[in-house]
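Hi everyone, thanks for coming. Let me put a structure up on the screen, and then I'll walk you through it.

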Amino acid sequence: MIDSTLGRAGAVLALLLASAPALAAPAAPWVVKPEWVKADEAYLASDALAGRGSATPDEAKAAAWVASQFEQFGLVRAPGMSGYLQTATIVQPKLGGAPALGVGGQSVAGLTLLMAPAGEVRGRLVIATSDDPAALPAGDVIALASPKLPLIPMLMAARGHGAKLLLVRESAETKGILKQMGGAARIPGYLEGDAPESIALATLPPAEFDRLVQKPGQEVTLALPGMTATRSTTTNALGYLPGTDPEAGVLLLSAHVDHLGRRPDGTIMHGADDDASGVTAVLELARALAAGPRSRRGILFVCYGSEEMGGFGSAYFGAHPPVPLSKIALNIEFEMIGAQDPKLPRGALMVTGYERSNLAETLAAHGALVAPDPYPEQHFFERSDNYQLALKGVVAHTLSGWATTPVYHQPTDTIANLDLPFMTAAIQSLIEPVRWLAASDFQPKWNAGGQPSR
Ligand SMILES: [Zn+2]
């Protein structure tokens, strides 16, 4: 789960499968064995994987192990792929010196960067006086003069308008955000080949800010000296169970294999719940479904890299899917199913964005123990890999056990703090509903206003 502070030889294969006889025997009741769940967790959350840091060799090792499990269960390579792994390059810009703000050719002291783009900024100053994001004026450089502005919605609106720099008055809120980010400006990374982030967010002390808003129309420059970039590789693991009907679409079952790695002091962030538990769900569903009769629909099992850095593995998958996204009937992401939220009905998992589509209610009607998200204000729907697919139109939700667990992003997210019986029962409860989805021609639809747009 992402912190809230700021992813052809198929045609031949399909022909071969279409001519293969479907196995008619009914599926024997499958039992998810607690020792399998425990063994998956024991490796994924082990010291040997050192917290599976995003886009690190530890993440690659974890993804390779997931791929080897997929192969052992009998999953095949996804259509058009020559292996079970998909890799992508993440570019991370880094600032080498102090940023400098100039207004009308004069340098302005006291600038604090909260978010920086990958390059310099230049443009004319526009003053926004309203605190309504919908009323934000267009311009390259915008100073937000209203004292009660909602910062994040304003930033999103400015970004939507193509603004390059948003300047705000320093406040307890802006200082709090900087502290949450570890005291340093965030410079968003990006997938190689994609456009880097293009907006900066910065504060000025009240006196400097008040002088600034008296100078609309002046030319503003933001110099970002010594900008360099590092490149790292992130790895997705993919396995495929072909269906019998090439026209029936494909189900996408996913989780993220990465976590936070090690803290600077060496502490391993094991991420047993976030999200080794989701990977365990994907693995155990793969084991169960691969052992059963072949279903009508194909099923893609995917464990993404670099979710914690901003959903890079799933964004890459969404841009390079092994089957066209229009063929993906739905996506269910599993995140943090290692314990149950006391607010949920006993045994139930919550579905993020429950009411955005008719998927959750249909799953419930077919026996899945699922409930609406009790924390809509946390925007969990937007904070996991499902969102990258949802942005591209795929009906995509995340199932979670307890998204506000006290171990969230803490060193205490270890196997000792998992509720393994709950986890095992949760995975068990989804096997028949997923079998039903794979056998049916049910195509979930977004409800009115449910599909997100960035
Ligand atoms: Zn997380």
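This is a predicted model: local features need pLDDT of at least 70, side-chain atom pairs count only at pLDDT 80 or more; totals for chains, interfaces and linings use all residues.

Residues are numbered from 1 along each chain as its sequence is written, and side-chain values use heavy atoms, with hydrogens and water left out.

First, the overall picture. The protein has eleven helices and 17 strands; these are DSSP runs, with helices being H or I of at least four residues and strands being E of at least two, numbered from the N terminus. Its radius of gyration is 24 Å, close to the 22 Å from the globule rule for 454 residues, so the protein is as compact as a globular protein of that length. For the record, that radius is taken over C-alpha atoms, and the rule is 2.2 Å times the number of residues to the power 0.38. The C-alpha trace spans about 80 × 45 × 40 Å along its principal axes. Of the 454 residues, 53% count as buried, meaning under 20% relative accessible area, with exposed over 50% and partly exposed in between, using a 1.4 Å probe and protein chains only.

Now the inside. In soluble globular proteins, nonpolar side chains tend to be buried together. Here the largest nonpolar core has 80 residues, and Val66, Phe70 and Leu300 are among those with the most contacts inside it. A nonpolar core, by the way, is a set of buried Ala, Val, Leu, Ile, Met, Phe, Trp, Tyr and Cys residues joined through side-chain atoms within 4.5 Å. Helix H11, residues 420-439, gives the most to this core, with ten residues. A second, separate core of 21 residues includes Val103 and Ile187.

What does Phe70 touch? Counting contact as heavy atoms within 4.5 Å, and leaving out residues up to four places away in sequence, its partners include Tyr84, Leu238, Val282 and Phe301.

Finally, the two loop residues. Ala55 sits between helix H2 (34-44) and helix H3 (57-73), and counts as buried because its relative accessibility is 11%. Arg356 is in the loop between strand E15 (349-351) and helix H9 (359-365). Is Arg356 buried or exposed? At 19% relative accessibility, Arg356 counts as buried, and its contacts beyond four places in sequence include Glu382, His397 and Trp446.
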